[in-house]
Amino acid sequence: MFLAILAGFLLAFAAPLLHRWLGKWVVVPMALLPFTIFVYLLTLSPAVLAGNNLGELQAWAPSLNINLHFFLDGLSLLFALLITGFGTLIMLYAGGYLKGHPLLGRFYLYLTLFMTAMLGLVLAGNIMAIFVFWELTSISSYLLIGFNQDKESSRSSALQALLVTGLGGLALMGGLILVGMAGETYTLSELLERGDLVTNHALYLPALVLLLLGAFTKSAQFPFHFWLPNAMAAPTPVSAYLHSATMVKAGVYLLARLTPVMGGTDEWQYTLMIVGGITTVLGALLATQHVDLKAILAYTTISALGLLVTMTGIGTAPAMEAMVVFLLAHALYKGTLFLVAGNVDHATGTRDLTQLTGLSGTMRYTSIAALLAGMSMAGILPFFGFIGKELLYEASLEESPFRWILFAMSFFSGMVFVAVAIALGYGIFWRRSQNPTPLQHPDKPLLYLPPVILASAGLVFGLLPGFFVTPLLRRASEAMLGVEQTFDLALWHGFTLALGLSVLTVLLGYVVYRFSNRLLSYASRFSGLYLFGPANLYQLALRGFMTGATKITATIQNGYLRSYIAAIITAHIALVVLSLWENGPRLELGNNLHLLSQLRMYEIVLLLMIVSALIFLFKSQSRLTSIAIMGIVGYSASLFYILFGAPDVAATQLLIETLTVVIFVLILHKLPVFKYLSHATERYKYVTLSLTFGAVMTYVILIVKQYPLDSQLKAYFGQGSFLLGKGRNIVNVILVDFRAFDTLGEIVVLAVAAIGIMAMLKLRMHKGDKP
C-alpha cells in the first residue's frame with residue numbers, strides 16, 4: 001500500500017515531463033497506474049472479504065513514535081476500489097476531452113496528485129495521516145477546479161472551495177487531536193475498539209463538533225453546500241471524479257470510519273439526521289430550478305450526500321446497509337451522467353437543457369450510457385439503483401419517532417431524481433424532434449467508452465449483486481457497525497411496501513418531469529431568499545475580510561522599513577514590561593554597581609567609539625560618511641565578540657559588515673541627491689525608541705545575570721554533540737541535529753524567498769501589464 005501511494009506521487013510530478021515526451025500517448029502511463037493499483041487491491045480482497053483487516057507499517061521517525069500506518073478493511077477497500085476504478089476511466093476520458101490541450105501534463109499532475117491523496121486518505125491507519133491526506137485533497141482539488149485559470153469564474157470557484165474545505169480542515173485537525181487524546185491513541189485500529197472511552201470522555205462534545213464541521217464542509221452539507229455547484233466551473237473530468245465518487249464522499253467516509261468511535265450518542269444521531277435531512281430536501285429542491293446540466297447534477301449530488309449522511313446518523317444495520325449500497329449505486333450513475341454532460345457540452349457547445357434534443361442519432365453510444373444511468377438513477381428494475389432505493393425506503397420506515405419525516409425526505413428526493421433521470425437520460429437524447437441539436441465535434445471512443453462502462457456496471461451489479469458486490473458491501477457495513485451482519489442483496493423481494501413506493505416514486509417523478517417548465521418559472525420567486533442564503537453570506541464575509549485586510553495592510557505595510565522595525569520593537573518592549581510589571585523579578589542594581597570597576601580600558605574605548613559613531617551618524621548629511629560610520633559600529637561590535645570568546649560570531653559579523661559596506665558603495669552613485677525626508681521630531685522619536693529598547697534589553701540581561709539558570713543543556717550538548725551527533729563542532733551539531741526542524745524551516749524560508757526573487761528577475765512585463 002505504501003508503494004502504491006509513493007508511485008502515485010512520483011508519477012504525478014513526472015506527468016508534465018511525460019506529456020512533453022509522449023504527447024497524446026501520455027494517457028497510457030497515467031491510466032495504467034490506477035488500473036494497476038485497482039488490480040492489486042483486487043488481489044487483497046479475498047483476505048478482506050474473509051473478515052481479515054490488513055495493516056502495513058512503515059517506520060518514519062521511530063524515536064518520536066511517528067510511523068506511516070496503512071489499514072485496509074471492507075470500508076477502505078470499497079472506497080479504494082472506487083477511487084482507482086473511477087480513476088482509470090477518468091484518466092482515459094481526460095485524454096480525449098483535453099486532447100491537444102497544451103497543459104494536459106499539468107492537468108494529469110493535479111488529477112493524479114488528487115487521486116493519490118484520496119487513496120492515502122482511505123487507506124491511512126493513523127488519524128493524523130488522515131488529516132494530512134485530507135488537506136492534500138483540498139489543495140489538489142483547488143488546483144483542479146481552477147485549472148482554467150484565465151477564467152474569473154474558475155479562479156473564484158477554486159478559492160471558494162479551498163476556503164470552505166480548508167476551514168473545515170482546520171476544524172477537523174482539532175477534532176482528531178481531541179479524539180486521539182480521549183482515546184489515548186492515534187492509531188485507527190486501536191481507536192476503533194475504544195468507542196466507549198471516547199464517547200464518555202469530557203472532550204467528546206467539542207471533538208464531535210469539530211469533526212462534524214470538517215465532514216460537513218467536505219461533503220457539501222447545509223449550510224456549506226454552496227461551494228459544490230460553483231465548483232462545476234472545473235473541466236468535466238474533474239466534476240465527474242471529484243464531485244460524484246471521491247472528494248465529496250470523503251466527508252461521508254470520515255463519518256462512516258469514525259462511527260464505531262463517535263457514534264451511538266444522541267448528539268451524533270440527531271445532528272446527522274437533521275443536517276442530512278435538510279441537505280437532502282434542499283439539494284433536490286434547488287435541482288428543479290436550473291437548466292444547466294452540470295448544475296442539476298451538482299444539486300442532486302448534494303441531495304444524495306444528504307441521504308448518505310442521514311443513513312449514517314440513523315446508525316441501524318438496515319440504514320448502514322442502505323448507505324453503502326446507495327453510495328455505490330450513486331457513484332456509478334452520477335459519474336456516468338457527469339461524463340455524459342461533458343460529452344454533450346464538448347459536442348454541442350452548450351449545457352442548457354432547453355436547447356438540447358434529439359441527440360441519440362448523432363451520439364449513439366453516449367445516449368445509451370445516459371439511458372442506462374438514468375434508469376439506475378430513477379430506480380428502475382433491474383438496475384443497481386433500484387436495490388439502493390428500496391433499501392433507503394426500508395431503512396427510513398424502520399420503527400422510529402422520525403420515520404415518517406425520514407421517509408418523506410427520501411421520497412421527495414427520489415421523485416426529483418426520477419425527473420432528472422428522465423430529462424438527462426431520455427429528454428435530450430431520445431425525445432423526438434424535428435430540429436435535433438447540431439454537433440460541433442463528433443463523439444469519440446475515449447469520450448463515450450468510460451460512461452458506457454460505468455453505466456453497464458450499474459446494470460451488471462443489479463443483475464448479479466451476489467457475485468462480488470454483496471460480500472464487499474457486507475464487510476463495509478460491518479466496519480461501521482463493528483459486528484457481523486447478515487447481508488443479502490437481491491433484485492427481487494416480492495410485492496412489498498418498498499416496491500410499491502418505488503413504483504409510486506417513478507410515477508410522481510414523471511409528473512414532476514412533465515411540469516418541470518412550470519417549476520422553472522417559479523424559480524425567480526425565490527431569488528429574494530437567496531439574499532440571506534449561505535452563498536451570499538459567504539460573499540459578504542469575503543468582501544468584508546478583503547476590505548479589512550486592505551485597510552490594515554495599508555496602515556501597517558506602508559513601505560518604510562523603519563516603521564516595521566519600530567512596530568516589532570514597540571511590541572517587544574510592551575511584552576517585556578508587561579511580564580515584569582507585577583510579579584516579575586526585580587533588578588538589585590545596588591549590588592551590581594561594583595561590576596563597573598571591572599571594566600577594562602579597551603572595553604571603554606570601544607564603547608566610546610560606538611557612541612561617538614552613532615552621534616555622528618545622527619548628524620551626518622552624507623551617504624558615504626553614514627556608510628563609513630555604520631561600518632565602524634559593526635566592526636566595533638565584532639571586536640566585542642572576539643574579546644568575549646565568540647570568534648565564530650565575530651567572523652560572521654565581519655563578513656556581513658564588509659559585504660554591506662561594499663554593496664552600499666556600489667549602488668551609491670545610482671541614488672538621488674541626499675535630502676531629509678523626515679522631520680527632526682520624527683528622527684528624535686526613533687532615537688528615543690532605540691534608547692528605550694537598548695535600556696530594556698540591558699535590564700533583561702542584568703536580570704538574567706542576577707538569576708542564573710540552573711540548566712543541564714550546556715553539559716548535554718557538550719557531551720551529546722560527539723557521542724550522539726558524531727561531530728566536534730558543538731554549534732554545527734546543534735543546528736543540524738538537535739535543532740534540525742528549526743534549521744529546515746529556515747532553509748525552506750530562504751528557498752521560497754530565492755524562488756520568488758528568481759521569478760521576479762525572470763518576469764518580462766510588457767507596457768500596460770498589471771504587476
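Here's a quick tour of a predicted model, stop by stop.

**Before you click.** Numbering starts at 1 along each chain as its sequence is written, and side-chain values use heavy atoms, with hydrogens and water left out. Because the model is predicted, local features need pLDDT of at least 70 and side-chain atom pairs count only at pLDDT 80 or more, while totals for chains, interfaces and linings use all residues.

**Colour by pLDDT** (the predictor's confidence in each residue, from 0 to 100). The protein averages 87, and 96% of the residues score at least 70. Now select 204–218: helix H9 has the highest mean pLDDT among the elements, 95, while helix H24 (527–530) has the lowest, 64. Helices here are DSSP runs of H or I, at least four residues, numbered from the N terminus.

**Select Phe326, Lys389, Leu392, Gly414 and Phe417.** Of the 15 residues lining the largest cavity, these are the closest to its centre. A cavity is a set of points on a 1 Å grid over the protein atoms alone where a 1.4 Å probe fits but cannot get out; lining residues have an atom within 4 Å of a point. The space inside is about 130 Å³. H18 gives the most, with 5.

**Finish at helix H27 (601–619).** H27 gives the most to a nonpolar surface patch, with 5 residues. For another member, select Leu593, in the loop between helix H26 (561–581) and H27.

Notes
On a 1 Å grid over the protein atoms alone, a cavity is a set of points where a 1.4 Å probe fits but cannot get out, and a pocket is an open set with protein on both sides within 12 Å along at least five of seven lines; lining residues have an atom within 4 Å of a point. Grid points are joined across faces, edges and corners, and a volume is the space filled by probe spheres set on the points. Helices (H or I, at least four residues) and strands (E, at least two) are DSSP runs, numbered from the N terminus. Patches are made of residues with over 30% relative accessible area and no salt bridge: like charges are joined within 9 Å, nonpolar side chains (Val, Leu, Ile, Met, Phe, Trp, Tyr) within 5 Å. Accessible areas come from the Shrake-Rupley method with a 1.4 Å probe; for residues, only the protein chains shown count as cover. A salt bridge is a side-chain nitrogen of Lys or Arg within 4 Å of a carboxyl oxygen of Asp or Glu.
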